[in-house]
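The following paragraphs explain how one predicted protein model is put together. They should be read alongside the sequence and the coordinates.

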Amino acid sequence: MIGRAPRLPFATSIAVAVLLAAGLRTVCGAEFDGDYSKLSGIIIPGFASTQLRAWSLLDCPYSPLDFRFSTLSTWSGSTPPSLPVVVLQLLSAVDCWLKCMMLDPYNQTDNAECKSRPDSGLSAITELDPGYITGPLSSIWKEWIKWCIQFGIEANAIIAVPYDWRLSPSMLEERDLYFHNLKLTFETALKLRGGPSLVFGHSLGNLVFRYFLEWLKLEIAPKHYNQWLDDHIHAYFAVGAPLLGSPETVKATLFGNTFGFPVSEGTARLMFNSFSSSLWMMPQSKYCTSDNPYWKHFSGGFRKKNQTYHCEEQEYRTNYSGWPTNLVNIEIPSIPGFDAYPSLQDMLETNFSALECGLPTQLSFSAREVADGTLFRAIEDYDSDTKRLLYQLQKSYHGDPVVNPLTPWDRPPIKNIFCIYGIDLKTEVYLSPLIPSWSGNLVEGNPGATSGDETVPYNSLSLCKSWLGSKVNITRAPQAEHDGSDVQVELNVDHLPEDDIIANMTRSSRVKYITYYEDSESIPGKRTAVWELDKANHRNIVRSPVLMRELWLQMWHDIRPDTTSKFVTKAKRGPLRDDDCYWDYGKARCAWAEYCEYRYIFGDVHLGQSCRLKNSSAETLLNYL
């Protein structure tokens with residue numbers, strides 16, 4: 001039996017690579033020399049992964065907690081129950097917590113008694129609730145930053161760009177000048193360190209970065225746009241990106257999602273729908289785009305008030321907008337004006353005899369009908385909250401002055417892109433009050449190749465496969481350390497952007513794999529890779545030590561002048577650090593004897609802690625050229 005001593009979790013996958021990376025690329029006309037000390041790592045966190053701070057006095061006399069000028073505890077990208085202080089705040093003063101969290105659903109202003117703003121710096125994303133007890137429980141990026149420090153990364157090379165995740169993209173710029181500040185962050189990092197940045201986005205953070213790239217087109221002359229990107233961004237890591245949205249957002253909007261907190265679904269729905277960002281991750285069709293509202297402005301015309309959807313013929317030849325099935329199936333009363341959420345008094349006073357002659361109307365909606373507002377218009381007469389959603393949909397999305405965020409995006413013109421996500425977990429794709437369905441089960445429609453990451457369906461995550469070149473190399477390897485005996489490879493597989501590309505490979509049910517899709521032929525000067533991790537959860541993928549290892553190896557590979565391939569070899573994976581060595585109780589020695597040896601150092605408290613690399617990490621890495 002092999003036993004492995006427990007170790008501290010690697011906090012987030014984000015960019016072990018993100019910072020240790022170095023690339024032999026040109027920066028401002030000069031050849032980048034591969035010194036990773038010149039690089040910066042810029043972190044764009046996901047939904048509710050930035051600490052908010054209450055800046056206004058709020059008297060909650062019956063609460064043991066102080067809401068005055070203090071941290072406003074929220075949920076994070078991790079599982080919500082790991083944040084007991086949030087539960088404590090809710091149980092002790094739910095009204096105070098909601099006043100600080102909710103926004104006016106029309107103009108997005110704060111409550112008069114409490115104004116909340118995102119915190120700044122690394123502290124805003126490392127621990128959502130600092131404290132002796134609650135701090136470690138709400139840690140997000142803290143352990144990862146410790147890991148970077150262990151490898152000699154300077155503190156000013158790690159840059160967090162937190163934002164108010166309650167706001168729509170246009171409101172982020174209007175209220176906080178977020179995208180202006182983000183541009184300055186890239187430019188300051190280049191001047192300060194002399195090299196480009198590596199961008200890591202998780203979940204909603206990827207949609208924030210997409211909007212920034214579109215916003216940047218209006219700030220920089222077109223002939224300088226691509227050069228600015230080359231100078232300031234070396235690589236982009238899109239982790240768990242909901243490229244076509246997620247039905248879970250529709251669920252939270254229509255029915256409420258408590259995220260495990262002790263509040264009713266109705267209260268959760270009211271709060272979520274007060275955020276203009278509640279629509280940002282709505283499902284959308286892969287075949288429909290919209291006008292750029294500034295296109296006619298640049299060509300001498302006039303700007304349109306709202307953007308117009310343009311759908312390809314395939315949108316109407318297929319029934320599901322590029323999804324496996326229709327996304328929402330609801331029943332509406334046969335009598336207009338009947339409230340979908342009546343009060344008890346209304347129920348008692350209603351004469352239901354009129355309903356005996358008519359059955360409820362059952363309606364189904366595709367992703368396109370969700371994104372263009374058809375769903376909300378259909379239920380507007382039965383649900384007063386829907387009117388506020390329609391207002392925000394028109395104002396902040398269809399009428400956005402930069403781009404309609406509810407449209408699919410093409411490959412960004414960045415030199416190196418790595419799209420990374422989890423698969424093969426039960427993921428909801430079809431919403432019905434009566435018949436819940438999942439992307440692993442049989443439903444009416446077109447079943448996908450696999451299921452998603454428990455939050456975002458596969459077809460939304462895998463849209464980035466269309467960014468791959470015309471020839472693709474596919475490799476499937478175990479996630480754990482391996483000797484290469486279970487590695488499968490397909491070279492130069494033909495790929496069309498409109499078709500999904502699937503690995504035709506065997507797999508053991510007992511093994512978790514990574515499947516790599518990497519350009520064999522690509523756009524000149526560009527490189528694209530897609531990594532699919534079996535059983536990697538959407539919220540916790542950024543904590544995965546496996547992903548952290550792969551990011552580091554790929555970026556280390558990039559800095560080597562003697563490398564002979566575009567991507568790091570997948571032929572084998574062995575321990576890279578002392579922490580990767582452990583004690584094999586069955587063989588009574590350190591596992592991976594080729595790499596590890598028993599070497600006791602004073603202070604070791606168990607056998608596994610005394611297992612260490614035979615050679616230095618630098619020497620071990622030479623095996624991966």
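Strand E17 (residues 471-478) has six of its eight residues buried, so it is largely enclosed by the rest of the structure. Here buried means under 20% relative accessible area, with exposed set at over 50% and partly exposed in between (1.4 Å probe, protein chains only). Helices (H or I, at least four residues) and strands (E, at least two) are DSSP runs, numbered from the N terminus. The model is predicted: local features need pLDDT of at least 70, side-chain atom pairs count only at pLDDT 80 or more, and totals for chains, interfaces and linings use all residues. Residues are numbered from 1 along each chain as its sequence is written, and side-chain values use heavy atoms, with hydrogens and water left out.

E17 runs antiparallel to E18, to which five bridges join it; Thr475 has Val489 of E18 as its bridge partner. Eight bridges link E17 to strand E19 (residues 513-521), again in an antiparallel arrangement, and Pro478 is partnered there by Tyr513. Two strands are taken to pair if DSSP finds at least two bridges between them.

These strands belong to an open sheet of nine strands with mixed pairing, in the order E7-E3-E8-E9-E14-E20-E19-E17-E18. Strands E7 (158-160) and E18 (488-494) stand at the edges with a single partner strand each, so one side of each is left without a neighbour in the sheet. From one strand to the next, the twist averages 15°. Towards the E7 end of the order, strand E3 (residues 40-44) runs parallel to strand E8 (residues 197-202), and five bridges join the two. Within this pair, Ile42 stands opposite Val199 in E8.

Helix H7 (residues 178-193) lies across E3, E7, E8 and strand E9 (233-239), running at about 165° to E3. Axes are lines fitted to C-alpha atoms, for helices over the stretch in contact, and angles run from 0 to 180 degrees between N-to-C directions. The 16 residues of H7 reach 22 Å from the first C-alpha to the last, close to the 22 Å expected at 1.5 Å a residue, where the expected span is 1.5 Å times one less than the number of residues. Its buried residues include Tyr178, Leu182, Phe186 and Leu190, and also Lys183, Glu187 and Arg193. Just after H7, Gly194 takes a positive phi of about 85°.

In helix H9 (residues 222-232), the buried residues are Tyr225, Trp228, Leu229, Asp231 and His232. Seen down the axis of H9, these fall within an arc of 165°, so they line one face of the helix; the arc is that of the directions from the helix axis to the C-beta atoms.

Thr258 lies in the loop between helix H10 (247-254) and helix H11 (265-273), and counts as buried at 19% relative accessibility. Leaving aside its neighbours within four places in sequence, Thr258 is in contact (heavy atoms within 4.5 Å) with Val263, Ser264, Glu265 and Ala268.
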